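This briefing is for a reader who is new to the structure shown below. Please look through the sequence and the model before reading on.

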Amino acid sequence: MRVGFGVLGPVVAWDADERAIALKGPRHRAVLARLIVARRRVIPVSRLVDDLWTEPPPGAVGAVRTFVAALRRALEPQRPPRTPARLLVTEGPGYALRADADAVDAWRFEQDVSAAATLPPDGALPRLEEALSRWRGPAYAEFADEDWARGERSRLAELRLHAVERQAEARLALGRAAEAVPDLEAHLAEHPWREGAWRALALALYRTGRQGDALAVLRRARALLVEQLGVDPGPELRRLETDILDQAPHLDPATARGGAAAQVWAEAAAAYDRTVASGARARLESTVGLLRDLSMAGGDGLRTARQQRVAAVAAAEELGDPELTARVIGAYDVPAIWTRLDDPEQAASIVAAAEHTLAALAAGPGVPDEGDPGVEPPGHGAPGRGAPGHEGPGHGGPGREAPDHGGPGHGGPGHGGPGHGAIGPGAPGPKATGQESSDHEAPAHGAPGHGAPRHETTVHGTPDHEATGPGAPDHEAPGRAVTGHEGRGHEAPGNELPSHGATDHKGPAHEAPSHGATGRDTLGHGVPERAATGYELPSHGTTDHEGPAHEAPTHEATGRDTLGHGVPKRAATGHELPSHGTTDHEGPAHEAPTHEATGRDTLGHGAPKRAATGHELPSRWAFGHETVGPGSTAPGGILGAPGHSTLGHGATGDAVPRHEAVRARLLATIAVESRGGRSQRGRQAARQAEEIARRLDDPALLAFALNGVFMQTFDHAGLAPRRDATGAELIALSARHGLVTFEVLGHLIRLQARSALADFASADRHAAAADRLGERHERPLVSVFTEWYRALRLAATGQAAEAEAAYRDAATRLDGAGMPGLEHGLLPLALLCLRVEQGRPAPTDADLDWGPYAPWARPLVLLARDRRAEAAAALRAVPEPPRDLLLEALWCLTGRAAIAVGDRETMARARTALAPAAAELAGAGSGLLTLGPVSRHLADLAHALR
């Protein structure tokens with residue numbers, strides 16, 4: 001039995017259940033206390049006799065032995081007779097108490113105080129509070145007059161006074177001055193000669209805004225010391241009085257801890273408070289900037305930042321200034337990597353405020369806002385939002401996608417071919433399943449072109465499938481590549497060809513034409529142009545493939561000349577290459593044009609062009625259409641009302657709509673805060689924000705917009721290559737422009753995407769890069785994600801026991817991280833995936849909190865409990881998984897349960913949903929967990945459906 005002893009008050013002993021042990025009379029307690037004072041050393045019997053009695057009676061030695069025997073029976077009641085004692089032992093001429101180092105409250109108190117001295121204030125304070133809580137009264141209370149106890153009592157009392165003052169200092173350092181005042185006043189009432197306590201009390205009063213009281217305390221201390229002791233206060237008290245009178249900035253707790261940097265902060269903050277009126281609108285904008293940084297500081301910062309952000313937006317709305325509200329909403333461009341919202345209600349309120357502010361900006365004076373219904377966009381006077389002279393069908397209001405049909409495209413002169421491309425020469429392509437709107441097809445209208453013919457597949461809305469690498473079904477392989485055949489073709493709504501270069505392919509080289517790559521020429525009216533090969537390939541050079549690389553032009557780009565309206569340039573290869581060294585492809589080169597890229601020439605009106613290789617920049621291909629003639633529009637566009645675009649004359653120059661940058665930030669906010677949902681509005685907002693950012697050539701705005709693009713790239717399974725391309729562009733963009741937080745985001749996105757594609761060598765590099773940036777720039781939340789990734793890494797390589805331990809360790813990092821959307825239910829889900837991957841039944845512990853993943857876990861848990869009928873019923877109630885990073889994993893769990901209960905309809909649905917991800921690892925795109933290759937789950941589903 002473990003026994004504890006208390007001497008910080010009356011001497012007591014407790015059993016393992018903290019129940020008091022009867023110690024009989026005062027002499028028994030005196031023997032015990034004397035042995036505790038000796039701290040495990042042997043006390044001779046003769047010394048015990050002298051300490052217990054002033055004049056020892058006859059038989060005192062026998063009495064001491066009797067006391068010891070009684071104590072042994074009380075302290076070790078289960079010790080067999082005639083066996084040696086293990087706690088109160090006999091050694092040589094006396095006795096010793098062999099208590100554990102943490103068995104005596106006084107010893108533990110000393111340990112806590114010593115440990116607190118080595119800790120920062122936030123670690124020291126709880127340790128000191130625990131240490132002081134052990135005191136129940138004066139130490140060795142009933143032996144205050146005993147000589148043997150006097151020295152120990154004095155030592156412990158002094159240590160307690162020291163701990164009280166250190167506790168006050170820790171509270172002051174943590175900005176909790178008000179809490180320190182009562183304890184210090186009580187402390188000084190009993191011990192008025194302690195100058196350190198007077199100093200701490202005065203400082204605590206000053207920091208709570210009681211400057212007069214602080215000076216009064218210092219005067220009282222001076223009077224006591226002078227009148228009763230005849231000494232002046234020490235230099236620290238005198239200096240504190242002067243500093244309080246001067247309101248010295250270093251009295252601020254942050255300044256005291258942080259040295260020169262904190263001093264600058266304190267002085268600047270003080271100047272801001274003095275200069276900027278308390279009700280000034282500038283304070284709201286400054287506050288949002290602080291909240292942005294707070295959200296990435298770890299601890300409780302993220303949760304607090306979210307709450308105060310909502311309050312800041314509400315305060316801005318109350319002022320009735322939509323421009324201010326737009327800036328307050330848009331300034332909070334905190335990178336987001338996880339697709340499940342931490343607080344859906346807060347996010348919904350932010351989205352509602354952003355939408356309302358967009359409408360208010362559009363309704364204001366000035367140039368009409370082409371992003372809102374009923375407002376004519378700038379262009380050639382085209383009515384409505386359609387092509388010149390007519391409005392295309394299905395042009396909806398905000399929050400709605402245009403129907404998925406191929407209305408007539410309009411190829412402007414000098415654009416090299418039809419505006420809407422063809423899957424093959426003159427033949428319609430196969431339709432993808434799961435389209436959310438109509439699938440009308442119409443021939444494209446061609447116009448005479450300059451240079452090689454150009455065709456492209458432009459997808460209305462968002463494609464339902466994408467080719468994900470070898471093994472993906474051909475009929476479910478959207479991309480935005482085209483064959484490059486010349487002539488009139490037919491659009492294949494919702495379908496795309498496989499994304500050449502987005503996965504690990506080894507294909508033949510495409511030779512680019514040797515003409516016309518002059519920076520970012522536009523041959524028509526500011527409309528983005530695809531190049532002569534006809535391919536719009538996602539992210540060659542930005543993902544980790546081993547296909548043909550692209551050879552750079554033989555001459556450097558020599559500047560940023562603009563002949564039009566100054567839109568950013570892509571290089572002559574057609575790529576905005578994401579910082580040499582960040583890509584991982586190898587292979588023979590595509591020959592690039594030999595003409596010099598002369599800068600940022602624009603021959604039209606400044607809209608970006610695709611270069612001569614025909615490969616489009618990462619993430620530009622992910623959404624929608626672009627206009628193909630002066631003033632004309634194509635459904636699903638970027639800048640117009642939801643689902644439409646106008647990029648003809650008037651897209652730049654004097655006709656640029658007002659507030660474009662703040663509107664783009666509002667749209668990016670909507671895209672980020674709408675993640676995980678099924679509404680088309682989030683995708684619309686993402687592509688609108690991206691297009692505006694590219695047109696404005698604003699790197700920080702583009703990085704924020706790409707975060708929105710990433711969050712909206714979950715329309716269906718198998719989109720890891722697209723997200724990989726977005727991550728690659730983010731890394732390149734951020735590294736060039738010093739956008740550290742978005743550079744971290746890019747690495748984490750690529751970590752996820754490369755994990756999905758089973759390229760763990762690349763994922764490891766991105767994890768290491770993210771960790772380096774997080775450590776260097778004090779971003780503690782980064783390591784939360786990389787630690788979970790390393791647990792996934794163990795799971796993916798078959799190290800189940802190590803993976804389970806790593807998952808449990810990683811889960812502790814989420815506690816207090818302020819990310820409930822990530823934390824809730826994640827550990828049970830990861831362990832379930834680990835078991836399913838090993839062919840083991842689901843865990844059935846009743847106390848497991850599955851959180852939002854309960855519907856997908858429940859059928860498997862019921863099967864593990866041998867409740868098949870209930871499992872089948874639960875499976876029928878399972879909803880479709882959210883469109884987020886766990887989409888494939890939850891479909892695989894659904895498919896496993898369907899196979900087990902023989903639910904053919906659900907099996908078929910799971911197989912259809914998972915087919916585009918055939919080349920990926922299920923769930924690994926989250927960077928957190930995995931269920932192994934999707935292809936294996938597809939094979940099992942196919943076998944069960946025979």
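Is R40 buried, partly exposed or exposed, and what is its relative accessible area? R40 has a relative accessible area of 38%, which means that it counts as partly exposed. The model is a predicted one. The protein has 946 residues, and 55% of them count as buried. Its elements are 30 helices and seven strands. Among contacts between residues at least 6 apart in sequence, 71% join residues at least 24 apart.

**Loop residues with positive phi**

- Most residues other than glycine have a negative phi.
- R40 has a phi near 75 degrees, a positive value in a residue other than glycine.
- The loop that holds R40 runs between helix 1 (26-37) and strand 3 (43-44).
- E778 also has a positive phi, near 55 degrees, and is not a glycine.
- The loop between helix 21 and helix 22 is where E778 lies.
- E778 counts as exposed because its relative accessibility is 63%, and the cut-off for exposed is over 50%.

**Nonpolar cores**

- In soluble globular proteins, nonpolar side chains tend to be buried together.
- The largest nonpolar core has 127 residues, and the members that touch the most others are W788, Y807, M819 and L929.
- Leaving aside neighbours within four places in sequence, L929 is in contact with residues that include L792, Y807, L826, L829 and A830.
- Further contacts of L929 include C833, L886, A889, A922, G923 and A924.
- Another core, apart from the largest one, has 53 residues, among them F5, V11, V68 and L132.

**Helix 13 and helix 15**

- Helix 13 spans residues 301-318 and helix 15 spans residues 344-363.
- These two helices pack at an angle of about 30 degrees, and their axes are 10 Å apart.
- Angles under 35 degrees count as roughly parallel, so helix 13 and helix 15 are roughly parallel to each other.
- The crossing of helix 13 past helix 15 is left-handed.
- On the helix 13 side, the residues in contact are R306, Q307, R309, V310, V313 and E317.
- On the helix 15 side, they are Q346, S349, I350, A353 and H356.
- The contact of helix 13 with helix 15 consists of four nonpolar, four polar and three charged residues.

**Helix 14 and helix 15**

- Helix 14 covers residues 322-330 and packs with helix 15 at an angle of about 140 degrees, the axes being 9 Å apart.
- Helix 14 and helix 15 are therefore oblique to each other, since roughly antiparallel would need an angle over 145 degrees.
- Helix 14 makes a left-handed crossing with helix 15.
- From helix 14, P322, E323, T325, A326 and I329 take part in the contact.
- Their partners in helix 15 are I350, A353, A354, T357, A360 and L361.
- This contact of helix 14 with helix 15 has eight nonpolar, two polar and one charged residues.

**Helix 6 and helix 8**

- Helix 6 (residues 147-173) and helix 8 (residues 195-207) have axes 10 Å apart and pack at an angle of about 25 degrees.
- Helix 6 and helix 8 are therefore roughly parallel.
- Their crossing is left-handed.
- E165, L172 and A173 of helix 6 make the contact with A197, A200, L203, A204 and R207 of helix 8.
- By class, the contact of helix 6 with helix 8 has six nonpolar, no polar and two charged residues.

- H766 is placed in helix 21, which covers residues 760-776.
- H766 counts as buried because its relative accessibility is 6%, and the cut-off for buried is under 20%.
- R793 is placed in helix 22 (residues 782-796).
- R793 is partly exposed, with a relative accessible area of 25%.
- Beyond residues up to four places away in sequence, R793 touches F760 and D764.
- R793 and A924 are 131 residues apart in sequence, while their C-alpha atoms are 9.1 Å apart in space.
- A924 is also one of the residues in contact with L929.

Key: Residues are numbered from 1 along each chain as its sequence is written. This is a predicted model: local features need pLDDT of at least 70, side-chain atom pairs count only at pLDDT 80 or more; totals for chains, interfaces and linings use all residues. Side-chain values use heavy atoms; hydrogens and water are left out. Axes are lines fitted to C-alpha atoms, for helices over the stretch in contact, and angles run from 0 to 180 degrees between N-to-C directions. Helices (H or I, at least four residues) and strands (E, at least two) are DSSP runs, numbered from the N terminus. Angles under 35 degrees count as roughly parallel, over 145 as roughly antiparallel, 65 to 115 as roughly perpendicular and the rest as oblique. A crossing is left-handed if the near helix is turned anticlockwise from the far one by less than a right angle, and right-handed if clockwise. Contact means heavy atoms within 4.5 Å. Ala, Val, Leu, Ile, Met, Phe, Trp, Tyr, Cys and Pro count as nonpolar, Asp, Glu, Lys and Arg as charged, and the others, Gly among them, as polar. A nonpolar core is a set of buried Ala, Val, Leu, Ile, Met, Phe, Trp, Tyr and Cys residues joined through side-chain atoms within 4.5 Å. Buried means under 20% relative accessible area, exposed over 50%, partly exposed in between (1.4 Å probe, protein chains only).
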